[in-house]
Amino acid sequence: MTTPRLLHKVSLITGAAQGIGLATALKFAAEGAIVVVCDLQQTGVDDAVAQCRALGAMAEGYVMDVTQRTQVDAVLARVQAQFGRIDVLVNNAGITQDARLQKMTLEQFDRVVDVNLRGVFHCAQAVADRMVAQGGGVILNASSVVGIYGNFGQTNYAATKFGVIGFTKTWSRELGPKGVRVNAVAPGFITTPMVAAMPEKILQELQAKVPLKRLGRPEEIANVYAFLASDEASYINGAVIEVSGGMSL
């Protein structure tokens with residue numbers, strides 16, 4: 001019997017109550033991780049924790065808004081106190097508020113930047129000293145193909161996902177010498193609640209652009225996160241891995 005690849009790794013996942021975040025929490029649970037579920041709503045957090053525990057994993061959950069640094073610090077302190085370390089951070093939480101440049105409101109721009117960029121900064125900064133002190137760790141950031149190639153109507157989202165790549169490249173240089181690996185995953189269009197809200201015609205057009213002729217599944221992104229979090233990826237640092245079915249070809 002093979003040893004689970006994330007056995008006993010304390011892994012905190014933001015936005016873990018649905019979509020890619022939930023799939024990642026469940027994958028980590030199946031791989032033996034101690035899963036810390038963070039999201040905005042108590043009911044969603046509780047449900048995700050229950051699903052992780054049903055897989056035999058140790059799991060805890062916290063209501064946490066990544067834009068509120070006091071909340072982030074408080075959760076990280078509780079996780080540290082309970083488990084003594086934090087091995088993996090998956091910065092998955094993110095939102096969209098789409099509009100063309102000429103129509104986008106300042107509120108739409110600021111909200112997406114606050115969650116997708118500032119939130120990632122908050123969580124990474126909150127774990128960095130802990131990971132350095134314990135001699136190692138992994139930070140995984142959610143970018144997007146939109147953060148590499150841009151996308152119509154997504155000025156704010158594209159900017160944040162470009163920014164996350166900048167974070168990843170910078171932190172991998174700063175923290176790599178101290179044993180902390182930092183990488184990013186850039187999903188294509190995945191069948192999450194966020195994407196499912198798009199008009200059917202748009203979804204069909206997206207599928208047609210992908211050589212595999214389908215949208216991705218959340219589990220297919222979770223698999224990549226699990227690999228990057230594991231010791232199997234011990235020499236991968238500063239990478240941005242596109243998981244899009246080849247849609248950018």
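**Reading a predicted fold**

Biologist: Does T168 count as buried or exposed, and why?
Modeller: T168 counts as buried because its relative accessibility is 0%, and the cut-off for buried is under 20%. Bear in mind that this model is predicted.

Biologist: Where is T168 found, and what is it in contact with?
Modeller: T168 belongs to helix α6, residues 155-175. Beyond its neighbours within four places in sequence, T168 contacts N141, V182, N183, A184, G238 and A239.

Biologist: How do I read a sheet, and in what order do the strands come here?
Modeller: Strands of a sheet pair through backbone hydrogen bonds, in either a parallel or an antiparallel way. Here seven strands make an open sheet, ordered β3-β2-β1-β4-β5-β6-β7, with parallel pairing. β3 (59-63) and β7 (240-243) are the edge strands, each pairing on one side only. On average, neighbouring strands are turned by 15° against each other, direction ignored.

Biologist: How many bridges link β4 and β5?
Modeller: Four bridges, in the parallel sense. L89, for instance, has I139 in β5 as its bridge partner.

Biologist: Which strands does α4 touch?
Modeller: α4 packs on the sheet and touches β1 (10-14), β4, β5 and β6 (180-187). The direction of α4 makes about 170° with that of β4. α2 lies across β2 and β3, and runs at about 170° to β3.

Biologist: How is a helix pair described, and what are the values for α3 and α4?
Modeller: The angle between the axes and the distance between them describe two packed helices. Helix α3 (residues 69-83) packs with helix α4 (residues 106-134) at about 35°, the axes being 9 Å apart. The crossing of α3 past α4 is right-handed. Residues of α3 that meet α4 include V72, L76 and Q80; on the α4 side they include F121, C123 and R130. This contact has seven nonpolar, three polar and three charged residues.

Biologist: Which residues touch the most other members of the largest nonpolar core?
Modeller: They are F28, V35, V37, L140 and Y225, in a core of 32 residues. Elements giving two or more residues to this core include α1 (19-30), β2 (34-39) and β5 (137-142), and α9 gives the most, with six.

Biologist: What does L140 touch?
Modeller: Leaving out residues up to four places away in sequence, L140 touches V88, L89, V90, N91, N183, Y225, L228 and A229. Apart from this core lies another, of 31 residues, among them M64, V75, C123 and W171.

Notes: Residues are numbered from 1 along each chain as its sequence is written. This is a predicted model: local features need pLDDT of at least 70, side-chain atom pairs count only at pLDDT 80 or more; totals for chains, interfaces and linings use all residues. Side-chain values use heavy atoms; hydrogens and water are left out. Buried means under 20% relative accessible area, exposed over 50%, partly exposed in between (1.4 Å probe, protein chains only). Contact means heavy atoms within 4.5 Å. Axes are lines fitted to C-alpha atoms, for helices over the stretch in contact, and angles run from 0 to 180 degrees between N-to-C directions. A crossing is left-handed if the near helix is turned anticlockwise from the far one by less than a right angle, and right-handed if clockwise. Ala, Val, Leu, Ile, Met, Phe, Trp, Tyr, Cys and Pro count as nonpolar, Asp, Glu, Lys and Arg as charged, and the others, Gly among them, as polar. A nonpolar core is a set of buried Ala, Val, Leu, Ile, Met, Phe, Trp, Tyr and Cys residues joined through side-chain atoms within 4.5 Å. Two strands pair if DSSP finds at least two bridges between them.
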